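I opened the model to look up its charged pairs, its core and its confidence. My notes follow in the order I made them.

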Amino acid sequence: METFISFTNQSQGRDRIFRATQYACALAKYLLRNEAKRKELVKKLQFLESNMSSGRKLFRLGNTVNSIHAAKSTLHISDPVLRFCLTFANLNRALYFICDNLLWARSIGLIKDIDKERWSLNSTRFYFLSLVMNLTRDVYVIIQLMVQKSRDRHFQQKVDQHLNESPDVACVIVPQLDAFLFLLLESLRNDPSVALDTVKNIISLWY
């Protein structure tokens, strides 16, 4: 099992490369769509994008097991909020991959007797729930970081200094709001991984 999970993790790395290439092709195709002289290049980009998408489907075949294993691991997290968010997110991610794999099998003719629209809708729902839970976890972690930061006496001095150095801003913006934004930025600066994960999940939510 550990060998299989290690292999799927490597596949996820290749999936990220394929995804970046796929998105780059989609962007280039969009930018060149109105240029008549570039029609042949646009066709090649479309073909490459299609192949990248198919390759990603193959790499995701083992991700269901990987997500279930991750859900089992998060069950041992001591924090109840993090335990619930991450476990629920991983379970929904596993269900999303099951739906995605079935849709891929249908697209290449391995399975015919499934309702494409129904499974596509279920896939979207599970993916959305997974993202929502991951975002909830991000917000919770950010709040925890802000609470810890606000209790730091040295940070309180920095806040007072920041408000004193920006009297014009403090007059226009409610001081409490200014202090809150300063606290948020300082907390994220100390843990950029949380900020990056939040941005990634927000982008995925709207993509």
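**Entry 1: a charged network**

I began with Asp 138, which is buried at a relative accessible area of 0%. Buried means under 20% relative accessible area, exposed over 50%, and partly exposed in between, with a 1.4 Å probe and protein chains only. This is a predicted model: local features need pLDDT of at least 70, side-chain atom pairs count only at pLDDT 80 or more, and totals for chains, interfaces and linings use all residues. Residues are numbered from 1 along each chain as its sequence is written, and side-chain values use heavy atoms, with hydrogens and water left out.

I then asked which side chain meets Asp 138 in a salt bridge. It is that of Arg 137, at 2.9 Å from N to O. I took a salt bridge as a side-chain nitrogen of Lys or Arg within 4 Å of a carboxyl oxygen of Asp or Glu. Arg 137 is partly exposed, at 23% relative accessibility.

Arg 137 also pairs with Asp 197, the closest N and O atoms being 3.6 Å apart. This pair links distant parts of the chain: Arg 137 sits in helix H5 and Asp 197 in helix H9 (residues 192–206), 60 residues apart. Helices here are DSSP runs (H or I, at least four residues), numbered from the N terminus. Asp 197 is partly exposed, with a relative accessible area of 22%.

Next I checked Lys 200, which forms a salt bridge with Asp 197, closest N and O atoms 3.5 Å apart. The two are three residues apart in helix H9, so about one helical turn separates them. Lys 200 is partly exposed at 47% relative accessibility. Shared partners join Arg 137, Asp 138, Asp 197 and Lys 200 into one network of salt bridges. The count by this rule is three salt bridges.

**Entry 2: helix H5**

Asp 115 caps it, with a side-chain oxygen 3.2 Å from the backbone nitrogen of Glu 117. The buried residues of H5 include Asn 122, Ser 130, Asp 138 and Lys 149.

**Entry 3: the core**

I listed the largest nonpolar core: Leu 82, Tyr 140, Val 141, Ile 142, Met 146, Leu 183, Leu 188 and Val 194, eight residues. Such a core is a set of buried Ala, Val, Leu, Ile, Met, Phe, Trp, Tyr and Cys residues joined through side-chain atoms within 4.5 Å. H5 and helix H8 (175–190) each supply at least two of its residues. H5 gives the largest share, four residues.

Leaving out residues up to four places away in sequence, Tyr 140 touches Asp 79, Val 81 and Leu 82. Contact means heavy atoms within 4.5 Å.

Phe 97 is in helix H4. Phe 97 is buried, at 2% relative accessible area. Its C-alpha lies 8.6 Å from that of Gly 62, 35 residues apart in sequence.

The chain averages 77, and 72% of the residues score at least 70. Among its elements, helix H4 (residues 80–107) has the highest mean (90) and helix H7 (residues 167–172) the lowest (49). Over residues 169–174 pLDDT stays under 50, and the model has four contacts beyond four places in sequence for them.

Technical notes. A polar contact is a pair of N or O atoms within 3.5 Å; within protein, one must be able to donate a hydrogen and the other to accept it, and residues adjacent in sequence count only if both atoms are side-chain atoms. pLDDT is the predictor's confidence in each residue, from 0 to 100.
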